[in-house]
Amino acid sequence: MTAALRFDPIRLPEKCEQLRKEVRAFLAEEIAAGTFDPHAPNREDNDAPEFSRRVGAKGWLGMTWPKKYGGQERSFLERYVVTEEMRVANAPTRRFFVADRQSGPVLLKYAPEHIKMDILPRICRGEVCFAIGMSEPNSGSDLFAAKTRATKTDDGYLINGTKIWTSSAHIADYMIAIFRTSPPTKENRRHGLTQFLVKMKQPGIQVNPIGQITGQFEFNEVVFTDYFVPDDHVLGEVDGAWKQATSELAYERSGPERFLETYYVLTELVRAVGKNPDTRSAEGIGRLVAQVHTMRRMSVSVAGMLQAGKEPVVEASIVKDIGTVWEQQLPHRVRDLAAFVEETATNRETLEKQLDFAIKTAPKLTIQGGTTEVLRGIIARGLGLR
């Protein structure tokens, strides 16, 4: 092995459980006020700017960041609780989630001080939305094959090329993107990629929506034509972005959102079978709950490692691999169990609508954030198997 694989058992401290009560109370108030419907994951109102600002006002964005940048200097475990409750409630997190989860930490580590002072407090207030610019046409999940060029010019770079499958680019204020600044070398295919902060809604950027089978337009194609990025928007080392991006993905791949995206169909099934399920339903639900509990323990462990300042890239990849395969299969397993739900169940129509949406959205789950094949390659290399 080239790395020791660890999933230390971690229990959430009491302050996390107190925070959980606060988050649940807040979400209950938002639901009662009609901000969102927890039983409607297919809604079109997932971009909720005012909700984002209210979450920011609670101090629940940028929770782990220094107070000088608007953060609260709280733990990764406390942030985990907020993320978990938001996900389980189907809260409209699209506007702030990427910025809070991974773009902010990248800026903290690599951005110049004046950019940190400008953007990070606005993330904490829930005022700005970020997108991630990695995938490109005809490249699959091979980031080494990125062809979008950043050509050096006076005081900055000119960007030409295309990013694709870019979630939320149509509403984003900023993007953190990887562009090619030099060709790869024979010795190192990873050489030549640089990370940039891109200000969206500027001349030289065209965002084209990509429709999904669900009828939603979450993904986008982003075309750059002589788009200018100033020198101070380079993040980290020129030509050395691969290590940065790999570390960033430890934040993206390990959270509860990687196994809870279709969780709503399980809770709806439990409501449908009621307090006295038949043996088959009880056994099926029991297996699913045991599986999600195991994944949660692994995910909390990774949060603990992030809290300790580690970069658990392999462990995060394992959580994402297991979690997304599970949440992709979950709607089909629930559909099988739902066949035995009484026609008179009060929420049967809601369950059927949820299953229709979840089954349509499930194929993307093992692609976004790194395909299953790429994840298993990372895991194999981390364990010294390839």
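Trainee: Which residues does E84 touch, not counting residues up to four places away in sequence?
Mentor: This is a predicted model, in which local features need pLDDT of at least 70 and side-chain atom pairs count only at pLDDT 80 or more, while totals for chains, interfaces and linings use all residues. Residues are numbered from 1 along each chain as its sequence is written, and side-chain values use heavy atoms, with hydrogens and water left out. Contact here means heavy atoms within 4.5 Å. With residues up to four places away in sequence set aside, the partners that E84 touches are R20, P256, L260 and R296.

Trainee: Is E84 buried or exposed?
Mentor: E84 is placed in helix α3, residues 76–88, where helices (H or I, at least four residues) and strands (E, at least two) are DSSP runs numbered from the N terminus. The classes rest on relative accessible area, with buried under 20%, exposed over 50% and partly exposed in between (1.4 Å probe, protein chains only). Because its relative accessibility is 6%, E84 counts as buried.

Trainee: How many salt bridges does the structure hold?
Mentor: A pair counts as a salt bridge if a side-chain nitrogen of Lys or Arg is within 4 Å of a carboxyl oxygen of Asp or Glu. One of these pairs is E50 with R53, whose closest N and O atoms are 3.2 Å apart. For the structure, the number of salt bridges is 28.

Trainee: In which helix do E50 and R53 both lie?
Mentor: E50 counts as partly exposed because its relative accessibility is 48%, and R53, at 36%, is also partly exposed. The two are 3 residues apart, about one turn of the helix, and the element that holds both, spanning residues 49–57, is α2.

Trainee: How many residues apart in sequence are the parts that E311 and K109 tie together?
Mentor: The side chains of E311 and K109 meet in a salt bridge with an N to O distance of 3.1 Å. E311 lies in the loop between α8 (279–307) and α9 (313–338), whereas K109 lies in helix α4 (residues 97–110), so the separation along the sequence of the parts that this pair ties together is 202 residues.

Trainee: Are K364 and E261 buried or exposed?
Mentor: K364 and E261 form a salt bridge through their side chains, at 3.4 Å from N to O. K364 lies in the loop between α10 (348–361) and α11 (372–382) and E261 in the loop between α6 (241–253) and α7 (264–273), so the pair ties together parts 103 residues apart in sequence. As for accessibility, both K364 and E261 are buried.

Trainee: Which residues do salt bridges that share partners join into one network?
Mentor: E84, the buried residue of our opening question, is one of the members of this network.

Trainee: Which residues have the most contacts inside the largest nonpolar core?
Mentor: A nonpolar core is a set of buried Ala, Val, Leu, Ile, Met, Phe, Trp, Tyr and Cys residues joined through side-chain atoms within 4.5 Å. The largest such core has 31 residues, and the elements giving two or more residues to this core are α3, α7, α8, α9 and α10. Inside the core, the residues with the most contacts are L269 and V334.

Trainee: Is N138 buried or exposed?
Mentor: N138 sits in the loop between β1 (130–133) and β2 (149–153). Its phi is positive, about 65°, although N138 is not a glycine. Because its relative accessible area is 85%, N138 is exposed.

Trainee: In which strand is the place of D226?
Mentor: D226 is a residue other than glycine with a positive phi, near 50°. At 49% relative accessibility, D226 counts as partly exposed. The strand that holds D226, running over residues 219–230, is β7.
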